[in-house]
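User: I am new to this structure. Please walk me through it, and tell me what stands behind each label.

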Amino acid sequence: MIPLDTRPLFPLERRALLELLRSLDSADWVRPTVCPGWTVHDVAAHVLNDYLRRISGSRDRYGGAVFDDGETLPVYLARVNDEFVRAMGQCSPRLLVDLLDHLGPQLDTVWAATDLAGPAHLDVSWAGPGASPAWLDIARDYTEFWVHQQQIRDAVSRPGADEVVLMRPVLVAFLHALPVALHDRIRPRGTEVRVEITGPAGGRWTAVSDGANWDLTDAAATEPAATVRTDPDTFWRLATRGITIDDARRRCELDGDPELTESMTTLLAVVA
């Protein structure tokens with residue numbers, strides 16, 4: 001794994017989000033987003049829900065989750081997210097922005113007091129089974145807020161919040177889903193695959209096989225058995241299924257072992 005400290009980025013990302021939201025007119029707030037059935041208002045409300053849930057759970061240790069009979073985690077999350085968004089339909093855009101502005105710094109304080117090397121408050125399932133480190137849990141939340149801001153920007157045709165300092169950690173965090181994407185591709189110990197992301201926020205990253213599993217690193221020792229080259233926009237949208245796998249593959253350069261490149265381009269960095 002490649003450890004990250006995304007804690008200083010939360011205020012920067014939120015400042016960009018609040019500036020964006022305060023600039024919107026009434027027509028912008030009801031524009032549809034890539035999230036099925038959700039408007040700009042709904043996505044902003046969902047971000048607020050994330051703030052509330054993490055402050056309650058990580059700061060206050062309040063376990064309020066109630067699963068219906070037979071619900072899996074993805075089904076539960078889809079249900080409660082939709083319930084909250086529907087309830088927040090009565091909340092004005094101005095009040096919604098005020099609540100985000102008020103609660104965001106409280107979440108920053110939670111993360112500032114968290115030991116990055118300690119256990120995660122919530123394990124990151126898409127990065128593999130078992131316990132996750134706290135830094136990955138925090139980075140996962142950062143990616144969610146950043147992606148939702150991009151979804152709002154797409155909906156209102158406002159590019160931005162894509163500076164290197166904000167975007168690169170999103171790409172690195174999502175790359176931690178690569179070993180999971182490769183888990184069923186057994187290769188000899190030392191086999192490497194490479195992801196190359198273009199542009200200032202990009203770089204080169206490698207997953208290395210130990211003969212049974214894969215591990216992410218930013219170093220390379222041998223010529224890769226497979227390489228996927230793409231741009232940052234394609235990569236984060238693939239990881240969050242903002243575009244389909246087939247669309248992503250058409251926008252990537254794929255070299256080497258076709259089984260490995262096929263698996264690499266199924267990378268998924270959200271709960272689904």
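Analyst: We can start with one threonine. Leaving out residues up to four places away in sequence, T227 touches R194, E196, E253, L254, D255 and T261. Contact means heavy atoms within 4.5 Å.

User: What should I know about the model and the numbering?

Analyst: This is a predicted model, in which local features need pLDDT of at least 70, side-chain atom pairs count only at pLDDT 80 or more, and totals for chains, interfaces and linings use all residues. Residues are numbered from 1 along each chain as its sequence is written, and side-chain values use heavy atoms, with hydrogens and water left out.

User: Why is T227 called buried?

Analyst: Buried means under 20% relative accessible area, exposed means over 50%, and partly exposed lies in between (1.4 Å probe, protein chains only). T227 has 6% relative accessibility, so it counts as buried.

User: Where does T227 sit?

Analyst: T227 is in strand β4, residues 226-230. Strands are DSSP runs of E with at least two residues; helices are runs of H or I with at least four; both are numbered from the N terminus. R194 stands opposite T227. The C-alpha atoms of T227 and E196 are 7.3 Å apart, although 31 residues separate them along the chain.

User: What makes β4 largely enclosed by the rest of the structure?

Analyst: Four of the five residues of β4 are buried, so this strand is largely enclosed.

User: How do you know that β4 and β5 pair?

Analyst: Two strands pair if DSSP finds at least two bridges between them. β4 and β5 have four bridges, in the antiparallel sense. A226 stands opposite G256 in β5, and R229 stands opposite E253 in β5.

User: Which strand order does the sheet have?

Analyst: The order is β3-β2-β1-β4-β5, in an open sheet of five strands with mixed pairing. β3 (214-217) and β5 (253-256) are the edge strands, since each pairs on one side only. Neighbouring strands are turned by 15° against each other on average, direction ignored.

User: How does β1 pair with β2, and how with β4?

Analyst: β1 and β2 run antiparallel, joined by six bridges. E196 stands opposite R204 in β2. The β1 and β2 hairpin has five residues between its strands, and G199 takes a positive phi near 85° there. β1 and β4 pair in the parallel sense over five bridges.

User: What makes β1 largely enclosed?

Analyst: Six of the six residues of β1 are buried, so the rest of the structure largely encloses this strand. E192, R194 and E196 point one way, while V193, V195 and I197 point the other way. In a regular strand the side chains alternate between the two faces of the sheet.

User: Which helix lies across β1, β2 and β3?

Analyst: Helix α7 (residues 164-175) does, running at about 15° to β2.

User: How do you know that the length of α1 agrees with its residue count?

Analyst: The expected span of a helix is 1.5 Å times one less than its number of residues. For the 14 residues of α1 that should be 20 Å, and the end C-alpha atoms are 20 Å apart, so the two agree.

User: At what angle do α1 and α5 pack, and why is α1 called roughly antiparallel to α5?

Analyst: α1 and α5 pack at about 175°, with axes 10 Å apart. That makes α1 roughly antiparallel to α5. Angles under 35 degrees count as roughly parallel, over 145 as roughly antiparallel, 65 to 115 as roughly perpendicular and the rest as oblique. Axes are lines fitted to C-alpha atoms, for helices over the stretch in contact, and angles run from 0 to 180 degrees between N-to-C directions. Among the α1 residues that meet α5 are F10, R14 and L18.

User: What covers the buried residues of α1?

Analyst: The cover includes α2 (26-29), α3 (40-59), α5 (93-112), α6 (134-156) and α7. Among the buried residues of α1 are L9, F10, E13 and L21.

User: Is T6 buried or exposed?

Analyst: T6 has a relative accessible area of 3%, so it is buried. T6 is in the segment before α1 (9-22). Leaving aside neighbours within four places in sequence, T6 is in contact with I138, A139, Y142 and P169.
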